[in-house]
Amino acid sequence: MRQVIEIRIECRSISKGEGKGPVLSTKDPISFLGTVDPETGNIIDPNHELHGKCIKDSILIFPYGKGSTVGSYVLYQLKKNGCAPSGMINIDSEPIVAVGAIISDIPLVDRPNVDIFKVIVEGDEVIVNGSEGYLEITGSK
Amino acid sequence: MYLTREEENILNGEYGTTLQKAIEILVALGDIYGADSLIPIKSAQIAGVSYKTIGDAGLEWISSLKGTVKVPSVLNPAGMDLEDWAGMGIPESFAIKQKEIINAYSELGIRVECTCTPYYLQGFDLSLGEHIAWSESSAVSYANSVIGARTNREGGPSALSAALIGKTGNYGFHLDQNRVPTISVNVECDISSSDYGALGYIVGKMISNKVPLFNLKSNPKKVDLKSLGAAMAASGSVALYHVKDVTPEQLHMNFDTPEETIVIEEEQIREVYESKASFKNNCDIVALGCPHCSVEELEEIASLLEGKTVNKEFWVCTSREVANNSGDIISRIEKSGAKVLCDTCMVVSPASENYRCMAVNSGKAFNYIPGMCKIESMYATLEECIDEAGDRN
């Protein structure tokens, strides 16, 4: 019989709100300008680990953002197009993604107090609470 | 981070959603960078203006804001001369969108002055130690280094937020301890004019984001320091530098000599000119004014163009206010067939893409043109740039 596991992990709040969705995780930093198609949420950069995947409605986990500050506006456009992640988790947020999440109302936390890449498994459902600074994993073994 | 009662109220939405979002941005960034509080700023300079850079998404976000900036605020260069865009080869579809962006900023009380040289503008005088929130990398370098004011390199949305709130996070270069030089740069040869841009181009790459203390054999003018700082901020990400016995903060403080030292020789500077010298006589455009020309620089260009009629596209970029105050000089420049462009520059305008190879005397432009405009650039002195333009007479 499958056992449902629920884990709550404390994080730092960056952008408010709560979001829930299936996990999509990568150890590759993401430059939103150029890597993500704002019309669809698809990862279009052939050099990125998540190439071909879609970030829409996911809980997107990645170490940090990089690249042009215009990346903040790409996140805004994704949200306007209904293709944004439901929430995001960074190891260490930097300004582009932090500002992008805030102006787009996408919940964002960083600095989870465990090694998130070791804990998360594909298929997990995650809640990101940006207002209080935690995430909750619902998975099964 | 400590917030005052009023700042808490803004964060809770008591003053509307625009200010709430603005302060959320400042607080989040302050937390990321370890700020202890927000501090008042004297002025703001906001990046993210060219339609080429921010697109429809940026336009949409800026248009959604409601309010008035609390401090004198100006903009970064736009993608086109706001008046003479047609003459630059900019299509009308781009112009319409660019004007919408400018209007959206103007609705917030921001002065429609699109320049990387806000320190030349009325109402933007600045002194040692004053706190500001500027975004453009060469302007940040000039303010920090040549004036000794204090700013981080703000992003577009964060500078806009700082303008709306009248404050920014107290971190980075606002703090004494981060303004101390961390590397010495000894320049072994005498340098002048465009050599400073070449020097900056080399040093920026070598030191990334350290705080250099230059020991020079020459005596730089402010426009020389403007070139040096702009190039270092482009090829590296140097936001603050000191020049021994020259820059104001260095004259006021007793900085310890940094342990790490690099030495720059004449050959290295020469190499920047030589690297693309094969394009000599083969450039199809000359572009000056990166950063935007001062009145003195415009006068120098006008003198060199005296009696000439240029044979190639020739742009001289400056701020509209400086141009408006230099009517005679502008006429003399334009008599040669050169175009004086305001509000924009060769780096952020899509019009640059219409050419093949651009001659520049700016280390910053030399660095950015190939990547941002997909054309070649050649580094030359001002006189060599004028020669490159040819003479029909």
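Chain B has an average pLDDT of 96, and 100% of its residues score at least 70. The structure is a predicted model, with an ipTM of 0.81 and a pTM of 0.90. Across all chains, a search of the whole structure returns eleven aromatic pairs. One of them joins Y73(A) to W61(B) and crosses between chains.

**Overall build of chain A**

- Chain A contains four helices and eight strands, and their order along the sequence is β-β-β-α-β-α-β-α-β-α-β-β.
- The radius of gyration of chain A is 14 Å, close to the 14 Å that the globule rule gives for 141 residues, so chain A is as compact as a globular protein of that length.
- Taken along the principal axes, the box filled by the C-alpha atoms of chain A is roughly 45 × 30 × 25 Å.
- Buried residues make up 54% of the 141 residues in chain A.
- Of the contacts in chain A between residues at least 6 apart in sequence, 70% join residues at least 24 apart.

**The aromatic pair between the chains**

- The ring centres of Y73(A) and W61(B) lie 5.9 Å apart and the ring planes meet at 45°; planes under 30 degrees apart would count as stacked and over 60 as edge-to-face, so this pair is tilted.
- Y73(A) belongs to helix α2 (residues 71–80) of chain A, while W61(B) belongs to helix α3 (residues 51–63) of chain B.
- Y73(A) has a relative accessible area of 3%, which is under 20%, so Y73(A) is buried.
- W61(B) also counts as buried, because its relative accessibility of 4% falls under the 20% cut-off.

**Other ring arrangements**

- In chain B, ring pairs connect Y201(B), Y273(B), F366(B) and Y379(B) into a cluster.
- In chain A, R8(A) sits over the face of Y134(A), at 3.6 Å from the ring centre.

**K79(A) in helix α2 of chain A**

- K79(A) is located in helix α2 of chain A, the helix that also holds Y73(A).
- The relative accessibility of K79(A) is 39%, between the 20% and 50% limits, so K79(A) counts as partly exposed.
- Leaving aside residues up to four places away in sequence, K79(A) touches A84(A), S104(A), D105(A) and I106(A).
- S31(A) and K79(A) are separated by 48 residues in sequence and, from C-alpha to C-alpha, by 16 Å in space.

**Helix α5 of chain B**

- Helix α5 of chain B covers residues 137–147, and eleven of its eleven residues are buried, so this helix is largely enclosed by the rest of the structure.
- The buried residues of α5(B) include S137(B), A139(B), V140(B), Y142(B), N144(B), V146(B) and I147(B).
- The cover over these buried residues includes two strands of chain B, β4 (133–134) and β10 (285–293).
- Helices of chain B also contribute to that cover, among them α8 (222–235), α9 (248–252) and α14 (363–373).
- F366(B), a member of the ring cluster, falls within the residue range of α14 (363–373) of chain B.
- Just after α5(B) comes G148(B), which takes a positive phi of about 85°.

Methods
Residues numbered from 1 in each chain as written. Chains lettered and ligands numbered in written order. Predicted model: local features only at pLDDT ≥ 70, side-chain atom pairs only at ≥ 80, totals over all residues. Heavy atoms only, no water. Phe/Tyr/Trp six-rings, centres within 6.5 Å; stacked < 30°, edge-to-face > 60°. Buried < 20%, exposed > 50% of the residue type's maximum accessible area, 1.4 Å probe, protein only. Lys NZ or Arg CZ within 6 Å of the ring centre and 35° of its normal. pLDDT = per-residue confidence, 0-100. Rg over C-alpha atoms; globule rule 2.2 N^0.38 Å. Contact = heavy atoms within 4.5 Å.
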